[in-house]
Amino acid sequence: MASLSYTLNCPPYETNQNLNAETVPLCTGPPTREELLVHYPAKFTWQQLKTFVNSGDLGLLKRDRALQRRYDDWAVGIKEQYGSVVNYLTNYRLRWGQPDTLSLLKSTLIDNNYDDINSSDSNGVPPNQPPPYFCWETPKEYLSIIQNDWPYSVPPEVEHTLIWTKVPIYHPDLVDESIKVRIDQDGLWGFTGTDTPPPSPSNLPVCLPALAEWCVTQDKMIASAPPTEKERVLIEKAGSEVHRYVRNRWDEKVWETAWFVNPPRLQSVPKLAHIHVFARKK
């Protein structure tokens, strides 16, 4: 594996006292960080966000409702111009194998060895011959790592990154047939860089008031029963390659992450596989 070198693009996240509704006008299209801070302040804390990820129902993760309406309006124009959001992503937004230079929301994680990562010289995988499913060895030309232009309602110090992949994440070699129905409903998720265990789903009732404006209550959740030990091992295997990728990219000494892969029922772009990563610098 190639050696990795990442640096932090400082300064860190700070709230500018001069940011207000007068100095930061609302625009159209993807929001700037200043717009998010002023007009779409985070509805969830980092602890609540992790609780929702670990709850078993990834449908609890929400975008600010006003920002969602802005996205819906933007999507109308995108469909008129490109034919569909999928066409927009594949023909413009996703620059396979290249750094993300289009996002208005810059990441503090800078990849200094981008041209070396996942190259055929570094991992023995010939170019243009990806493995059958997503993993750390997937050649970079099959991946597009970008900041979510329309992030969920996360705290300002949390980055919402998307890892798009041309190779599947759910694959029979990883997802045992006995848990396929469960994965199809619940998806996959995990945590890296945590100093303590992730919050238990039993904490969910305390966090649900943060979802009141979406009218979410526990009886409306869609989640499987707790897995058996055998199922737990198989679920861990199903998400093992994603977990390995996240651990390798976000140094656990520096970053804490919560990652997830939506089940098919929640995928906004069903024809393209992608992973959500919430990353918070320690």
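**Asking about strands, a helix and cysteines**

Me: What makes E5 and strand E6 (residues 255–261) a pair?
Reply: They're joined by 5 bridges and run antiparallel. Two strands pair if DSSP finds at least two bridges between them, so these two qualify. Strands here are DSSP runs of E, at least two residues, numbered from the N terminus. Within E6, Ala258 stands opposite Phe191.

Me: What am I looking at, and how are residues numbered?
Reply: It's a predicted model, where local features need pLDDT of at least 70 and side-chain atom pairs count only at pLDDT 80 or more, while totals for chains, interfaces and linings use all residues. Numbering runs from 1 along each chain as its sequence is written, and side-chain values use heavy atoms, leaving out hydrogens and water.

Me: Why is Cys207 called buried?
Reply: Its relative accessibility is 8%, and buried means under 20% relative accessible area (exposed is over 50%, partly exposed in between; 1.4 Å probe, protein chains only), so Cys207 counts as buried. Cys27, at 46%, is therefore partly exposed.

Me: How many disulfides does a search of the whole structure find?
Reply: It finds 0; a disulfide would be a pair of cysteine sulfur atoms within 2.5 Å.

Me: How do you know which side the buried residues of H4 are on?
Reply: The buried residues of helix H4 (residues 85–93) are Val85, Tyr88, Leu89 and Arg93. They cover an arc of only 95° around the axis, which puts them on the same side of H4; the arc is that of the directions from the helix axis to the C-beta atoms.

Technical notes: Helix = DSSP H or I, 4+ residues; strand = E, 2+ residues; numbered from the N terminus.
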